[in-house]
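Reader: I would like to go through this model with you and ask how each label was reached. Could you show it first?

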Amino acid sequence: MIDFAHTVYIIVIWLFLIYSAAVFLVYSWIGIYAFGAVRRYKNENTFTDYGIIASNPNAPTFSLIAPAYNEGLTIVDNVRSLLSLYYHNLEIIIVNDGSKDDSITKLIAAYDLERVSFFVQGTIETKPVKGIYKSKNPAFKKLLVVDKENGGKADALNVGINVSSGEYMVCIDVDCILEQDAILKLAKPFLEQTDKRLIACGGVIRLANNCKIENGKVVSVNLPKSRLGRAQALEYIRAFVLGRMAWSRASGLILISGAFGAFDREIVLKCGGYDTATVGEDMELVVRMRRFMEEAKEPYEVVNIPEPLCWTEVPESKDILSRQRNRWMRGTMETLWKHRKLMFNPKYGKLGMVSLPYWFLFEFLGPLVEFSGYVVFLIFLLLGIVNWPFFFVLFALVISTGILYSVYAVLVDLVGRQVYTKRKDFLTLIATAVAEPFYFHPLTVKAGVSGFIDYFKKSHSWGEMTRQGFSQSAKQLSPKQKITMFFTAGLKKWGLIAAAFSVMYLISVFVEWIWYKNSFNDMDTVFVIKYLFISNTIFLFKLLSVLGVLYFILRLLKEKIANFFIIVAAALIIVSQYGLFLYFAETKNILGADLFYYSSAEIHQILRSSGMLNVKNVALLLLLAAATAIPLFMVTKYSFKSWYAGAVFIIIGFILMVIPVHKFQVGFISNEFQQNAAKSKLSYFIGSYSENYISGHPELFQWLYPNVEAAIDSNNFDDKYPFLKEEDTADFLGSYFNKSDEIPNIVVVIVEGLGHAYSSPNGYVGSFTPFIDSLSGKSLYWDFNLSSSGRTFGALPTIAGSLPFGKSGFLEIEETPQHYNLFNVLKYNGFETGFFYGGNISFDRMDKFLEYSKVDHITDQASFGDKYQKLPQSNGESWGYEDQAVFTKMLDVQKEGNEPYFNMILTLSTHNPFLINNTAYYENRFDEQVKSNRITNSQKNWALQYKKQLVTVMNLDHALEKFFNTYKKRSDFANTIFIITGDHSMPEIPLQEKIDRYRVPLIIYSPLLKQSQRFTNIVSHFDIAPSLLAYYRTNYNLKTPAKVAWFGNGLKGTVEMTGKRFPLMQSKDQIADFISGSYHLNQNNLYALKTNNEELIENEVTKNKITKQFNNFKQKNNTFYSSQKLIPDSLIVEFFSNNK
Amino acid sequence: MGTVHLSILIHDLVLIFLTVLVLILIMMGAVLFYGFYQYKSLKNKRDWESVIDSRVSNAIVFSEEKEVQESEFFHSHSQEGSFRNLLLEKLVSSKKKFSGVAQDEIQRLFVNYELNKEAVQNLNSTKPYIIAGGIQEVTAMKMTDSLPQVEKYLKHPAAQVYNEAQYAMVVFKGFSGLAFLNTLDTVLSDWQQLRLLGSLQMIPNDTDLSVELWLKSSNLSVVIFTLKLIQKFQMLALYDQVKGLLYHASEKVRLNAVLTLQVLENDRTKDDFMEAYPLQPVKVQLAILRAMKYSNDKRYYDFFMTQLNNQPIVALKIEAAQALLALGFSESLKETAHSKAVSEQIREIVKHVLQQKI
């Protein structure tokens, strides 16, 4: 069995590996590209004489804007430092953003400021300006101080932009220390622009922590003292020298640090300045400027120069650092969300196709992917499925790649422009590169993730606010407007929810296909994926219509309830979809409403022994539910801009419900297994459930199918007893048997899963039952015999009593209806009766049936003792006793001399999970069989694929052989009739044709037989009981009922098929097949039954006729189920009370 | 089957990753090694720099007669390639900083150490930045022999090279070095214009013909550079040609034309400005107002007042008010600042211009 958890594990690992490989490639590119950019800059600027612009009155004017908030302690020194910058045409604007301290008074005093009239020309909307100050001292004539109400950094910068008059503006944090020639170096790229307009330019920012600073100048550069500080020193080198330089060279730079950057003022004004609604205003502005230029179709560039121009204090406490990184993450998300339209939009060139996707995939998703990696690792650890060597190698690889990147960054920085010149610093940086991944990096990841969460918290509270606004304005609307608003708002939301859900659902379908592709080698993958997607897409749209309507109804109550509903429903649907396709992959059976006919204990046992029910799988399903619910929860916070998509999602489904789309669904070129594989499992399950519900309610059935003729069977006595008829089965068997002095015994062996395909040389898998083959040569043998059901539940009532199904199988009827069967009729005639089963007799409620029939020896696993051997356990659960044990048990219980007797044996070993004792021995026998000339080449291909199943068949065959050998030694053997058949074919071995599910061998062997005979006509299990009783009635004068309710009309030996009509029940919820004469009707398709196969035919007349017969049967069956009566009580009482 | 297949994959992956891990470790070693090597050579360079600096300053301070004993160190390294290149680099940058005798001393060092070989070698390199360095060197050291080669570099595809060649031509030949403008089809960046203008100290008398030709160039940057050239050397004879450029298709050219006319001012200038004013875009109008501000001609009071009161564009109003102030109408402005007859906006603008204390 393919372990579900293992495969999920592999998929998860691959996802991470692919992402890591992408990270590795991108960073390799950055490293190489940045190196070139740094070298080029250095080469081009070795001889630059900045003197030509330093004091040139014709050089462009720069406005330096420094917002300050509560910087009273250092502001005077900082401004002095700014005033000493080398650049003639410079205007220094300090914006006091409503500081609560004495910043402004200190500035006034230190620089001899006076408040002046100032007409603000810029038009960006800002918080009010309280006053503008200029110095009376001409030495400070470059200085302009703006005092304004507090509005945040972006707002303060906008005021600066409004006030400024330079061609270019430089925005800095006031606590930054600029190199004296910083403006000169920034100005050069602006002056050098030729064919492309330079809209923004940044420089390298270095850490001021622990540096020696005198008079606002860095005089001695040192690495920070704290570990956190040093890690950031390294991080800044990586970011500025590698990342930004590479992106700058590739014209993809979208971040100029807020701490220090220069911009073209005209473009900034045209763009409307900084966005005050984001915490990442620096990046947002650059993206918006680039967007503006892209839309205006003007060539432009954004560059970064590898010059350390600005020194800033970085946080050295974990708390402040975390808050900073948290803010960066939110800023990134806000910008990406605001400009989401650009993402992968070729209209926006590199910005849309490269830069923003890079930021999304690596800068934004990076910490989240890493964090989810830790979570997944933890889960794997708990589940014990970590592959340690793989983990360690990968971990070492990731860490060492990171270290290499850092060391490389230090090297490039060294080549470019050495800042840390002391030998000790160089070594410390290398040591930091090695240590940082273990203490600093996790911290930034954690802060990133918490920023991610905070982002949604914030947008959540926003959502609340806008909703309040909406409802307030809604109060003033007319009822008609309110309704329109309700629907458009709802449709906008629904559109997004439906889109997100569709993506997740279609992913699950894709996973389903991949799963089948890996599990089944012989599958036609193209066929399956095509129809799998068609069927699932049709179902998805229908589902979305229904869910959409429910969503709207719940929205009437409250939006939150509707959202909650949709999240839970979606999680359930997705989990079910995975569960259902895994069930199919495991059992090759589509799960339908039959699920509801098993008790929880039965389901538990099935799951446990199949190995699917374990902590790992349950945890994975829970994880899956969470993986569905969380993104949907996020999606409910947003909506589409237009309502059309939402409306389309609802309408398409309804259209699909009306038009007959099943014609586009699964084609018929393929075998049944592939057709089933290509079906939407969830659609099937829901369809099956609703049909099942309808069939359980005859009044609904009548209403839905009013045209079904109430064709009265000629033998039919009473409408109340639709199946009651005169017993008139002719004796077919008598002529083949020698008449015995004693009444013969009967032993019926029902072999679990014994399909024709692998128990006959004619089967497509070949014979894996050498003993049964040899026996059939000495027996009456029907090659084309059909069981009544696709599962075990039908075997007992059909073989013993030729009984109808009711709603979900005869055994499922709560109180067994009065009826005749081989057990009670033969017992009435003096037979000792017994039923032998190695498992739990309450499975499929067999015990109720047997108890009703007053069987003398009901033997199940509880009755076996230590003497007998159980089947091996799977996940701590064994189905019960092996076949050898069951056969021996029967011989032990059934004493010689207590004749006549009727025993029925139901075997077990050939059932999923196909575990037997002594596997090696039977594998050997299997190999010999495969090698022998009894198996053809095409059969060999099948056999090798299903070796596991077939080995158990070899085991069963051998057990049967031993059983017969032992039996032969008993005196009662000579006077016993053996009937050997299967209950259905194994669904685990793919079915070539629909009918193969039911095709099982039927062998009647007895030492009393006059001759062996092979029959080619079609018979069914329904025929066994009538034939046996006719035989005993005719030949041994046994008393049998005159009126019966059975389906079969006895075994026949001729090809003549007319008059045979019987249904086949695929699973407990589905009566989908009907046999009439030599035709097989299945889901509106008609097949002609040939001697060894069936063929799809187009014959509308016959099809309609048989469909009528089928509906007629269904109606009778429903009547039976609602009355739960087969035979009038009076007849039963009369029969059994009569003395023999 | 699937499980086995996937397990094999994992097994293979471990092997692949192990290989990659080893490669990464080797690369780490290589980068570290190279890093230390780079660090060492940088340290060397720093040591050499201080030696060279002291050698250069000694040469300047003590000059030829008092030639100091060359240090052992300097002597031993003076044949080393990388040392010589550094020395060359240092001499070139020092030469730019000094003038007169000091420059001659540096030139002497250059000749003494026969650094011209390195300079020529650099000039013949294939790497643009080295060629650019070579051009700077031969220029700084006045190696006229190399001039023909430098001239060829005017057509070099790399901007760094042809920019440096242009500069060299002007340094070597003065005004006639600008001949490349006749056929220039690349953009002269502002930076390059500043450099060229800066290096041009004087012009001969018979320049008008070529200047006129450049003013008609289809290369906008050539026209703008020429206007700046006219400004710098006050080439009054070209007044009319410049005036014509007030109606040039490019706004940037018009702006520079205004600035140039301001420099070339004669008694017709104000009328020319007044004539052109209504036909100009805002940026040019601003420049005209700014130029008129310094005209010192009170006759334009009404014009400025109209601009202040009736002009819808704020920047122009402010400029008009500033002009009024410059022309000495501060009293009148003070009245306007408190006049109820004008709008609040105008009063604010006037106050702003008056820089009134609040």
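Reader: Why is Ser508(A) called buried?

Author: Happy to start there, with the reminder that this is a predicted model. Buried means under 20% relative accessible area. Ser508(A) has 0% relative accessibility, so it counts as buried. The residue is part of helix H15 of chain A, which covers residues 479-519.

Reader: What makes Gln577(A) a contact of Ser508(A)?

Author: Contact means heavy atoms within 4.5 Å. With neighbours within four places in sequence left aside, Ser508(A) is in contact with Gln577(A), Tyr578(A) and Phe581(A). Phe581(A) also turns up among the residues that Tyr516(A) touches.

Reader: Which other residues does Tyr516(A) touch?

Author: Not counting residues up to four places away in sequence, they include Met523(A), Val528(A), Leu532(A), Phe584(A), Ala585(A), Ala677(A) and Lys681(A). Tyr516(A) is also one of the residues with the most contacts inside the largest nonpolar core, along with Leu64(A), Phe263(A) and Trp494(A). That core has 234 residues. A second, separate core has 138 residues, with Phe771(A), Phe805(A), Phe973(A) and Leu1089(A) among them.

Reader: What makes a set of residues a nonpolar core?

Author: The members are buried nonpolar residues of the listed kinds, Tyr and Cys included, joined through side-chain atoms within 4.5 Å. As a general point, nonpolar side chains tend to be buried together in soluble globular proteins.

Reader: Why is helix H6 of chain A described as largely enclosed?

Author: Of the 11 residues in H6 (residues 182-192), 10 are buried, so the helix is largely enclosed by the rest of the structure. The buried residues include Ile183(A), Leu184(A), Leu186(A), Phe190(A) and Leu191(A). Lys185(A) and Lys188(A) are buried in H6(A) as well.

Reader: How many contacts in chain A join residues at least 24 apart?

Author: The share is 79%, taken among contacts between residues at least 6 apart in sequence. As for charge, chain A has 115 positive and 105 negative side chains, and the centres of the two sets lie 5 Å apart.

Reader: Why is Glu118(B) called buried?

Author: Its relative accessibility is 11%, which is under 20%, so Glu118(B) counts as buried. The residue sits in helix H5 (residues 116-123) of chain B. Beyond its neighbours within four places in sequence, Glu118(B) is in contact with Arg84(B), Asn85(B), Leu88(B) and Glu137(B).

Reader: And what makes Leu324(B) buried?

Author: A relative accessible area of 0% puts Leu324(B) in the buried class. Leu324(B) belongs to helix H17 (residues 314-326) of chain B. Apart from neighbours within four places in sequence, its contacts are Tyr301(B), Phe304(B), Met305(B), Leu308(B), Phe329(B) and Leu333(B). The C-alpha atoms of Leu324(B) and Met292(B) are separated by 9.9 Å, and the two residues are 32 apart along the chain.

Reader: Where is Lys136(A), and which residues is it in contact with?

Author: Lys136(A) is in the loop between strand E4 (129-135) and strand E5 (143-148) of chain A. Leaving aside neighbours within four places in sequence, Lys136(A) is in contact with Asp112(A), Leu113(A) and Glu114(A).

Reader: Which omega value goes with the cis peptide bond that joins Glu899(A) and Pro900(A)?

Author: Omega is about -5° for that cis bond. Pro900(A) is in the loop between helix H28 (883-893) and strand E18 (901-906). Another cis bond runs from Asn912(A) to Pro913(A), with omega near 10°. Pro913(A) lies in the loop between E18 and helix H29 (919-931).

Reader: What is the phi of Asn918(A)?

Author: Phi is near 60°, a positive value in a residue other than glycine. Asn918(A) is found in the loop between E18 and H29 of chain A. Asn1084(A), not a glycine either, has a positive phi of about 70°.

Notes. Residues are numbered from 1 along each chain as its sequence is written. Chains are lettered from A and ligands numbered from 1 in the order in which they are written. This is a predicted model: local features need pLDDT of at least 70, side-chain atom pairs count only at pLDDT 80 or more; totals for chains, interfaces and linings use all residues. Side-chain values use heavy atoms; hydrogens and water are left out. Lys and Arg count as positive and Asp and Glu as negative; His and the chain ends are not counted. The place of a charge is taken as NZ of Lys, CZ of Arg, CG of Asp or CD of Glu. Buried means under 20% relative accessible area, exposed over 50%, partly exposed in between (1.4 Å probe, protein chains only). Helices (H or I, at least four residues) and strands (E, at least two) are DSSP runs, numbered from the N terminus.
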